[in-house]
Amino acid sequence: MAKDPSFLFAGVHFNKRKFASDFARFEEKQGTDDSVNTSSLFRTAVAVQEKVIVSPVKKRKRRGATSDPVEGFNVFKSSKLESDPPEERAEKDEYDPSKEKKELFRQMEHDAVFRKRYNIHVSGANIPSPLQDFAELKTRYGCKPYILRNVSKLGYKEPTPIQRQIIPVLLSGRECFACAPTGSGKTMAFVCPILVKLKDATKDGIRAVIISPTKELAAQTTRECKKLAKGNKFRIKLMTKTLIRTPDLSNFHCDILISTPLRLRLAVKKRKMDLSRVEYLVLDESDKLFELGLVKQIDFIVKVCSNPAIVRSLFSATLPDFVEDLARTIMHDAVRVIVGRKNTASELVNQKLVFAGSEEGKLLALRQSFAERLNPPVLIFLQNKGRAKELYEELVFSNIRVGVIHSDLSQMQRENAVDDFRAGKIWVLIATDVIARGMDFKGVNCVINFDFPDSAAAYIHRIGRSGRAGRRGEAITFYTEEDIPYLRNIANVMTASGCEVPPWILSLPKKKWKKHRPKRVSISTKPEDQEE
Ligand SMILES: Nc1ncnc2c1ncn2[C@@H]1O[C@H](COP(=O)(O)OP(=O)(O)OP(=O)(O)O)[C@@H](O)[C@H]1O
């Protein structure tokens with residue numbers, strides 16, 4: 001079952017409320033055949049939904065085309081109007097379909113130009129216009145003043161491209177998947193509409209759920225939510241170890257709950273947490289959540305968030321086709337928003353490849369670059385915790401303030417490492433991929449891939465810890481002989497974001513990689529006879 005992606009979201013309900021009339025028609029056709037199982041019912045329902053959506057739009061267009069006056073023939077229209085009784089004439093004056101249509105086309109043209117300017121690509125029907133500025137949150141959507149106040153306090157002068165388009169999409173109640181570069185403000189793009197829509201704190205169970213792949217990211221998202229919600233009495237809760245120990249969570253209520261998939265599934269299974277009233281479900285770093293280790297938990301969560309009116313959204317800087325395909329099977333009338341090109345690195349990061357020869361060469365190159373120029377904060381990624389510990393042992397006695405974070409540390413130690421790095425107490429943070437996604441460290445000047453990343457997506461997320469929120473950054477990737485077959489994939493990402501790559505690398509054959517995590521010799525510059 002786990003091998004078949006179609007098991008994901010099986011049993012998800014068709015949005016009966018939103019498509020009530022279509023559903024009624026569908027039900028009539030199906031009769032009361034109990035033999036139809038839920039997932040095939042769902043699949044058929046989606047097919048019906050697509051038909052119902054597409055065909056009437058076409059018909060309406062055609063009807064409009066025949067009845068609308070042709071330009072230049074207004075004289076006939078006005079002469080007919082003269083013969084109408086005054087009250088009918090007044091009504092017709094108010095409703096002029098050709099005017100409305102022209103206005104609509106003008107708006108669509110304007111939106112297209114605007115989207116082009118911000119490199120926003122959309123697909124889907126009836127997509128709302130992008131935001132011109134934050135003030136439109138009030139004029140178009142009547143958001144409460146506290147949100148605009150907080151936006152201004154955070155120093156956000158104008159919406160980022162993804163915020164311009166996704167905020168109106170979510171505020172119009174549409175499901176969506178969004179792909180935008182690392183550090184481009186996706187968090188605010190999903191938090192803001194939730195706050196606007198939830199309006200005020202209530203005790204109506206759990207109303208919105210945000211899923212993050214790691215505890216660190218969940219904690220960060222909680223903090224960001226609280227900053228944006230300041231001044232409102234919303235209950236915004238992080239699913240912590242302590243919370244999960246509560247024996248009975250069946251009556252737990254909060255407006256927004258942020259969790260990792262594992263903890264949320266535990267809370268539902270073991271502590272009877274009720275997610276049936278969730279109105280908004282966000283899957284952040286969705287491609288990571290759909291990877292094999294997490295997909296079962298996500299499937300479970302999607303099923304138990306059973307409110308038929310739920311609005312689901314997927315966010316990431318990398319959105320592989322299989323995630324999109326999977327998402328399409330559950331989402332209703334979803335809008336797709338891509339900023340820039342899909343699966344590319346941030347153009348704000350200057351990327352370099354460095355041949356280190358061997359494992360030993362990497363350490364020498366690192367020491368040399370620190371001796372010549374250390375521009376903290378610097379993040380160094382390694383392929384596993386063992387190697388992260390080894391590098392830490394090598395650097396801890398140099399006069400560089402260095403820290404390490406990996407999954408063997410306690411939650412408290414991990415949090416301290418992140419906080420110290422944020423506060424500037426640590427200049428160089430050695431890490432595994434545990435913090436490669438989503439973590440927002442202000443002003444990381446350089447990311448060093450000490451170990452070659454295991455996929456192009458991992459590369460994009462790792463180097464995306466630098467070059468955030470409009471600031472420039474740098475990324476250096478060491479490679480050895482055994483990484484050469486995979487160089488081309490990284491080189492493609494580099495050229496797509498405007499970085500130079502030596503021609504010989506671009507002429508290497510393309511290699512389809514799974515996870516490239518070769519066994520590497522241990523990190524040490526000590527002569528072998530001195531090692532214990
Ligand atoms: N409108 C804005 N103007 C200026 N800065 C912003 C704006 N929106 C968000 N930011 C800032 O941009 C930084 C990156 O935002 P965020 O962490 O949401 O990026 P992201 O797109 O989710 O990145 P990733 O893909 O790495 O998770 C944060 O420091 C955030 O405070």
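A polar contact is a pair of N or O atoms within 3.5 Å; within protein, one atom must be able to donate a hydrogen and the other to accept it, and residues adjacent in sequence count only if both atoms are side-chain atoms. The model is predicted: local features need pLDDT of at least 70, side-chain atom pairs count only at pLDDT 80 or more, and totals for chains, interfaces and linings use all residues. Residues are numbered from 1 along each chain as its sequence is written, and side-chain values use heavy atoms, with hydrogens and water left out.

**View 1. Glu324 and its link to Arg336.**
The side chains of Glu324 and Arg336 are joined by a polar contact of 2.8 Å. Glu324 belongs to helix H15, residues 321-330. Helices (H or I, at least four residues) and strands (E, at least two) are DSSP runs, numbered from the N terminus. Glu324 counts as buried because its relative accessibility is 5%. Buried means under 20% relative accessible area, exposed over 50%, and partly exposed in between (1.4 Å probe, protein chains only). Leaving aside neighbours within four places in sequence, Glu324 is in contact (heavy atoms within 4.5 Å) with Phe177, Leu319, Arg336 and Lys342.

**View 2. Strand S2 between two partners.**
Phe177, a contact of Glu324, sits in strand S2, residues 176-179. Both faces of S2 are covered. Cys176 and Ala178 are buried on one side, Phe177 and Cys179 on the other. In a regular strand, side chains alternate between the two faces of the sheet. S2 pairs with strand S7 (residues 311-316) in the parallel sense, over 4 bridges. Two strands pair if DSSP finds at least two bridges between them. Leu314 in S7 is the bridge partner of Phe177. S2 also pairs with strand S8 (residues 335-339), again parallel and over 4 bridges. Here Cys179 stands opposite Ile338 of S8.

**View 3. Ser286 at helix H13.**
Ser286 lies in helix H13, which covers residues 286-289. Its relative accessible area is 0%, so Ser286 is buried. Beyond neighbours within four places in sequence, Ser286 is in contact with Leu314, Phe315, Ser316 and Leu319. One of these, Leu314, is the S7 bridge partner of Phe177.

The ligand is surrounded by 19 residues, each with a heavy atom within 4 Å of it. The closest are Tyr156, Gly183, Lys186, Thr187 and Asp440. By class, the shell has 4 nonpolar, 8 polar and 7 charged residues. Ala, Val, Leu, Ile, Met, Phe, Trp, Tyr, Cys and Pro count as nonpolar, Asp, Glu, Lys and Arg as charged, and the others, Gly among them, as polar. A backbone N or O atom of Gly185 lies 3.2 Å from a ligand oxygen atom. Glu285 places a polar side-chain atom 3.2 Å from an oxygen atom of the ligand. For a polar side-chain atom of Lys442, the distance to a ligand oxygen atom is 3.0 Å. Taken alone, the ligand exposes 650 Å², and the protein buries 90% of that. Accessible areas come from the Shrake-Rupley method with a 1.4 Å probe; for residues, only the protein chains shown count as cover.

**View 4. Glu216 in helix H10.**
Glu216 is found in helix H10, residues 215-229. With a relative accessible area of 6%, Glu216 is buried. Leaving aside neighbours within four places in sequence, the contacts of Glu216 are Ile405, Gln411, Arg414, Val418, Val434, Ile435 and Met439. Gly470 is 254 residues from Glu216 in sequence and 23 Å away in space, C-alpha to C-alpha.

**View 5. Strand S12 and its parallel partners.**
Strand S12 spans residues 428-431. Val428 and Ile430 point one way, Leu429 and Ala431 the other, and all are buried. Strand S10 (residues 378-381) runs parallel to S12, joined by 4 bridges. Phe381 has Ala431 of S12 as its bridge partner. Strand S11 (residues 402-405) also pairs with S12 in the parallel sense, over 4 bridges. Ile405, a contact of Glu216, stands opposite Ala431 in S12.

**View 6. Helix H19 and the whole chain.**
Helix H19 (residues 456-463) is largely enclosed by the rest of the structure, because 6 of its 8 residues are buried. They are Ala458, Tyr459, Ile460, His461, Arg462 and Ile463. The protein chain has 21 helices and 14 strands. Of its 532 residues, 49% are buried.
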